[in-house]
Amino acid sequence: MTEQPGTTAGRASTPEARLDAIIRANDIRGRVPTELDAPTAGLLGAAFTAFFCEDDPGTTEIVVGRDMRLSGPALLDAFCASVQAAGLDVVDLGLASTDMLYFASGHFGAPGAVFTASHNPADHNGIKACRSGARPLSAEQGLTRVRELALAGPRAPAPSRGGRRRVDLLDVFARHVRSFTDVERMRPLRVVADVANGMGGLVVPAVFEGLPPTLEVLYGELDGTFPNHPPDPLQEANLADLCQRVREAGADVGLAFDGDADRVFFVDDRARPLSGSVVAALLAIAVLRRRPGALVLYNAACSRMVPEVIAESGGRARRTRVGHTLIKQQMAETGAAFAGEHSGHYYFAENHNSDSGVLAAVALLEELSRAGVPLSELRRPYDRYAASGEVNFTVEDPQAVTEALAHRYRDHPQDRLDGLTVDCGDWWFNLRPSNTEPLLRLNLEARAPSACARRLAEVRAALRSHG
């Protein structure tokens, strides 16, 4: 067993193996060109088009976009050519963040696909897709069918070829995000945003234009080689530059976005990172102020503090599995007003149930302005427990290791909502397989840092003995 991300290499030998390597539970992702190349993107374009037309026979157009990765233009062109060959029109956003694509899908009432590999390294790319109205698309909700359609082989072209029109939706999207805040309540806070040469460099300045906060952007040039640091703010090492600049500038808050800008992480005025759970709690409070008694979702990796705060704020809390497609579906089914994930995804009902990093950032800045205290003070009541953070383990047989841990802690209450969650009273842990990488992800929480460190060492040793 190793505590590092797993990797895959080599070119899959058959079409089935090639598609199985890149089609995940919630999206498509793989190395370019060994796993994902232009012909495969074209094959997927035809398959997605067929699926979208099955899902909604009235579909006439598909909204597309791409992030700044160097492989994006060729992959997107191949995808669009297949959409057009099937007789559908392409609405091309050009460079777009993932949350901008979701907004466009809702805006146009059309299905959408964006080429991105989110926080993955520069030699990866992939597709995040949604059905019309930004409705989720997962393995259960269509990706399995997309695979079947891709393997069915080429189709005869439509009698007339679809068109491709370029649409600049950045300003419309920025106005949409700003509509979620009361500008009059916002203070002229000093904000530093590290966008890691990702799509935040496009959308964050556009949203902040005209807002009271002063924005300083780190690594704002769109560069798919990520020359400064990886676009993964979940790894604390990638927050080092942001923390340093917050200290140097005396900033009120730091923002860190991942590569496709659908996630955001926060650093307080003392350059200390906030956990995704603390941010979820603060945003839930803001939502419940607007919608008293509303249902709020939180995932299985979140702190125990999150449902406590939701209840204290008069809301109704419901625990969910991890994953953006699952959460969006549950929001639609339950009418939930908001959902938060420990990994930095935050979902708003009025945003087509979709996650948006910059929307969450603006909402938290308004909450900070309303409180009238530094973020380091605002967060204090919510830092109730000591957490391990997400610890990743590469193991040969994740299921066997999970069952071994379940047996080891069999005397404690357990559930299988998402992986394995064990409640040991004054501490608990969740161990689940990653949806995007060959890893087991561990989140552990205890009442005090010393207890957290001790229990983490205990569970880590148990994992090593079985891994």
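Is Phe226 buried or exposed? The legends below take this residue in turn with two sheets, a cis peptide bond and a second residue of positive phi. The model is predicted.

**View 1. Phe226 has a positive phi without being a glycine.** Its phi is near 50 degrees. Phe226 sits in the loop that links β9 to α8 (240-249). The residue is buried, because its relative accessible area of 9% falls under the 20% cut-off.

**View 2. Ala261 also has a positive phi and is not a glycine.** Here phi is about 65 degrees. The loop between β10 and β11 holds Ala261. Its relative accessible area is 1%. That value is under 20%, so Ala261 counts as buried.

**View 3. Four strands build an open sheet of mixed pairing.** The strand order is β9-β8-β10-β11. At the edges lie β9 (214-218) and β11 (264-267), and each of them pairs on one side only. From one strand to the next, the twist averages 25 degrees.

**View 4. β8 and β9 run parallel.** Strand β8 covers residues 190-194. Five bridges connect β8 with β9. Within this pair, Ala193 stands opposite Val217 of β9. Helix α7 (residues 200-208) packs on the sheet. The helix touches β8, β9 and β10 (253-257). The direction of α7 makes about 170 degrees with that of β9.

**View 5. A second open sheet has five strands.** Their order is β13-β12-β14-β15-β16, and the pairing is mixed. The edge strands are β13 (316-320) and β16 (354-355). Each has a single partner strand, so one side of each is left without a neighbour in the sheet.

**View 6. β14 and β15 pair in the antiparallel sense.** Strand β14 spans residues 338-340, and strand β15 spans residues 346-348. Three bridges join the two strands. Phe338 has Phe348 in β15 as its bridge partner.

**View 7. Helix α10 lies across β12 and β13.** The helix takes in residues 305-312. Strand β12 covers residues 295-299. Helix α10 runs at about 170 degrees to β12.

**View 8. A cis peptide bond joins Val32 and Pro33.** Omega at this bond is about 0 degrees. Pro33 belongs to the loop between β1 (28-31) and α2 (38-55).

Definitions and conventions: Residues are numbered from 1 along each chain as its sequence is written. This is a predicted model: local features need pLDDT of at least 70, side-chain atom pairs count only at pLDDT 80 or more; totals for chains, interfaces and linings use all residues. Side-chain values use heavy atoms; hydrogens and water are left out. Two strands pair if DSSP finds at least two bridges between them. Axes are lines fitted to C-alpha atoms, for helices over the stretch in contact, and angles run from 0 to 180 degrees between N-to-C directions. Contact means heavy atoms within 4.5 Å. Buried means under 20% relative accessible area, exposed over 50%, partly exposed in between (1.4 Å probe, protein chains only).
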